[in-house]
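Subject: Structure for you to look at

Hello,

Here is the structure to go through. My notes on it follow below.

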Amino acid sequence: MKRTKLISRISKLSQELLFTKTVRTIKKSKKQFFFILLFDIVMILAFIIINAIADFIFPNSGMDFVAGLSSIFSVIFFVLIYILIYFFIVLAAYSFVKYCILDLIMSMSKKQKFSLNRLKRFTWLNTRIIGIPLIAFMILVFIISLGIETQYASLLVILILLPVVFFYYPFMNLCQSLFYKGRKQPVRKAIAMTFPGIRKYISIYVSSIIAIAAYLIISMAITAILKYTLFRTEALYYAYYPGFTAVYQGITIIGLYLLMSFNRVAFYKIADT
């Protein structure tokens with residue numbers, strides 16, 4: 001009996017680590033998953049376009065414009081307005097794309113008519129779960145920078161951020177998923193699932209670490225082989241290494257986006273539990 005339970009637990013754990021349920025869902029809904037990847041690209045393009053427009057309106061981050069202001073109050077007012085407008089434009093673009101992605105994820109298991117009726121509420125949710133932590137982070141960095149030397153401040157910020165990001169990533173995904181599922185008080189429920197329910201999503205982290213580690217090992221092995229074959233001479237190195245680097249970076253970016261998309265679907269399914 002104990003042996004059967006042990007085998008059952010091992011089988012369940014291996015399925016969680018190998019994204020078995022997520023892969024099964026994606027296989028059944030390849031079209032939706034393809035559009036999810038397209039929307040991720042749209043999100044990146046939206047950020048690039050927003051930044052390009054901001055740079056066009058205010059070159060050099062608006063420093064020339066700020067230099068022409070007459071008082072410190074005017075400078076502070078301009079900076080605050082600029083940051084707020086930029087933040088809300090980026091947040092609006094992010095919320096729209098993420099809203100569409102969540103609809104695609106839901107359509108993998110449940111067909112429904114697409115509607116933007118709740119987009120405004122979703123944007124307000126993101127304003128709270130993204131804006132408040134961002135403000136808290138800025139205040140933390142400011143306080144640390146005042147009391148500690150720069151070389152130590154950066155290290156301290158990183159040490160503080162690591163555990164925060166560890167819990168914030170699942171919290172944000174679970175909160176957005178719960179909202180789209182129509183659950184009441186998604187923030188409170190996401191907090192309850194994030195901390196006491198760590199066992200539900202820890203496999204996502206472990207799977208991601210295994211996938212990234214396997215990719216790095218394979219990359220190092222290929223690089224080591226190429227070092228003594230394709231890059232064996234200085235002339236060959238300068239001829240082929242730039243192309244190899246470009247291909248490697250492209251594959252890495254694609255791999256990371258696939259991993260993030262897998263994780264997004266996995267978190268959405270965890271929100272069902």
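The residues lining the largest cavity divide into 4 nonpolar, 2 polar and 1 charged. In this scheme Ala, Val, Leu, Ile, Met, Phe, Trp, Tyr, Cys and Pro are nonpolar, Asp, Glu, Lys and Arg are charged, and the others, Gly among them, are polar. The lining consists of Thr25, Ile105, Met108, Ser109, Val265, Tyr268 and Lys269. A cavity is a set of points on a 1 Å grid over the protein atoms alone where a 1.4 Å probe fits but cannot get out, and lining residues have an atom within 4 Å of a point. The volume of the largest cavity, about 30 Å³, is the space filled by probe spheres set on the points, which are joined across faces, edges and corners. Helix α10 (residues 234-270) gives the most to this lining, with 3 residues; helices are DSSP runs of H or I, at least four residues, numbered from the N terminus.

This is a predicted model, where local features need pLDDT of at least 70, side-chain atom pairs count only at pLDDT 80 or more, and totals for chains, interfaces and linings use all residues. Residues are numbered from 1 along each chain as its sequence is written, and side-chain values use heavy atoms, with hydrogens and water left out.

Isoleucine 204 lies in helix α9 (residues 198-227). Its relative accessible area is 6%, so isoleucine 204 is buried (under 20%; exposed is over 50%, partly exposed in between, with a 1.4 Å probe and protein chains only). Leaving out residues up to four places away in sequence, isoleucine 204 touches Asn263, Ala266, Phe267 and Ile270, where contact means heavy atoms within 4.5 Å.

Regards

Notes. On a 1 Å grid over the protein atoms alone, a cavity is a set of points where a 1.4 Å probe fits but cannot get out, and a pocket is an open set with protein on both sides within 12 Å along at least five of seven lines; lining residues have an atom within 4 Å of a point. Helices (H or I, at least four residues) and strands (E, at least two) are DSSP runs, numbered from the N terminus.
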